[in-house]
Amino acid sequence: MSLLDYFRISKASSASLAKERLQILVAHERSSRNQPSYLPQLQKELLEVIRKYINVDQDAISVNFEQNDTQETLELNIVLPDHQPKTF
Amino acid sequence: MARIIVVTSGKGGVGKTTTSAAIAMGLAKKGHKTAVIDFDVGLRNLDLIMGCERRVVYDFVNVINGEATLNQALIRDKNCNLLYILPASQTRDKDALSQEGVGKILDELKKDFKYIVCDSPAGIEKGAHLAMYFADDAFIVTNPEVSSVRDSDRMLGILSSKSRRAEQNEEPIREYLLLSRYAPDRVKLGEMLSVDDVQEILSLHLLGVIPESKSVLNASNSGMPVILDEKSDAGQAYADIVARYLGEERPHRFIDEKKGLFGMFFGGK
């Protein structure tokens, strides 16, 4: 492979890199755009309720909203801390 | 039935005003009475691109405030008597445009005009919002470049949720992609996103590709919409775009590299 070829390949990757970055970004921004507006509030209140019983971190709870043609799914995921003493 | 077209992009400097001027002129040249409105209050520029900057007496905001009638503010184009320009105000008051005021003016224009082209300012502030709010069709001007593509996608989100058609649950705005400042040689080298790449990311109907062209600056220097430069590649690209929008079938051009002399003699297809 000549030096010229090497430069050609590194150039060829800049557009494909742009495409890849955009695809990820756009998919992410679209999914958050389609979320119902109550989602952040719901997440906050759920966290408050759960914290009454279990000591979990802010980032230990995730609320995901997914939508396809036929149904909408609300997924709630809570990661419990290790060695949590039972309080109830 | 009149149709309102918004020319928008989110990002600045991609060619919204160039496009607004070109397609408005193109539609008028095809025999349709057309008005083109500058929504960029405070940063008026459409008048310069259309070459009527010295004939501005009243503007969009004067009409909204009842200080002038629509007929007093509309400027008839010097090249085409079916084309009228409504210039933006140079006021620094960014609340000068109101949804109610804009709606009223558009309703009045709809009685008399076939097409109303709204040249949106950059950004997603009030002017951009009002430019797209009443639209029937949206021309999304995008450059094959990451920030422009991202901003276009954001505009698509706004069009589908914040427009009048979205709010009133009507048939959605028809969205079209206009890919501008395209450089086929750089695409071939892998230095620029291709038409297919951009279409794949935005999933939009492609109305046309406008090549990066010296004729665009020449046109704005002289205050003549580039579509009037019929020999130029960008002028022809806009003529194609107008024809396709009006329902004509035209194969896409300016996507592949121009062949040099060598290519003409020895190139394959």
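**View 1. Four salt bridges tie chain A to chain B.** A salt bridge here is a side-chain nitrogen of Lys or Arg within 4 Å of a carboxyl oxygen of Asp or Glu. On the chain A side that touches chain B, the residues split into six nonpolar, two polar and five charged; Ala, Val, Leu, Ile, Met, Phe, Trp, Tyr, Cys and Pro go down as nonpolar, Asp, Glu, Lys and Arg as charged, and the others, Gly among them, as polar. This is a predicted model, where local features need pLDDT of at least 70 and side-chain atom pairs need 80 or more, while totals for chains, interfaces and linings use all residues. Residues are numbered from 1 along each chain as its sequence is written, chains are lettered from A in the order in which they are written, and side-chain values use heavy atoms, with hydrogens and water left out.

**View 2. The contact draws 13 residues from chain A and 16 residues from chain B.** Contact means heavy atoms within 4.5 Å. The two chains bury about 1400 Å² between them, 54% of it on carbon and sulfur atoms; that is the accessible area (1.4 Å probe) lost on putting the two parts together, summed over both. In chain A, Lys19(A), Leu22(A) and Arg33(A) lose the most area to chain B, together 35% of what that side buries.

**View 3. Arg30(A) and Asp153(B) pair up in a salt bridge, 2.6 Å from N to O.** The pair crosses between chains, from helix H1 (residues 3–33) of chain A to helix H7 of chain B; helices are DSSP runs of H or I, at least four residues, and strands are E runs of at least two, numbered from the N terminus. Asp153(B) is buried at 0% relative accessible area, while Arg30(A), at 24%, is partly exposed (buried is under 20%, exposed over 50%, partly exposed in between, with a 1.4 Å probe and protein chains only).

**View 4. Glu257(B) and Lys188(B) link distant parts of chain B.** Their side chains meet in a salt bridge at 3.3 Å, N to O. Glu257(B) sits in the loop between helix H12 (233–245) and helix H13 (261–266), and Lys188(B) in helix H9 (residues 184–188), 69 residues apart. Lys188(B) is exposed at 67%, and Glu257(B) is partly exposed at 36%.

**View 5. Gly15(B) lies in the loop between strand S1 (3–8) and helix H1 (16–29) of chain B.** This glycine is buried, at 18% relative accessibility. Leaving out residues up to four places away in sequence, Gly15(B) touches Val141(B) and Tyr238(B).
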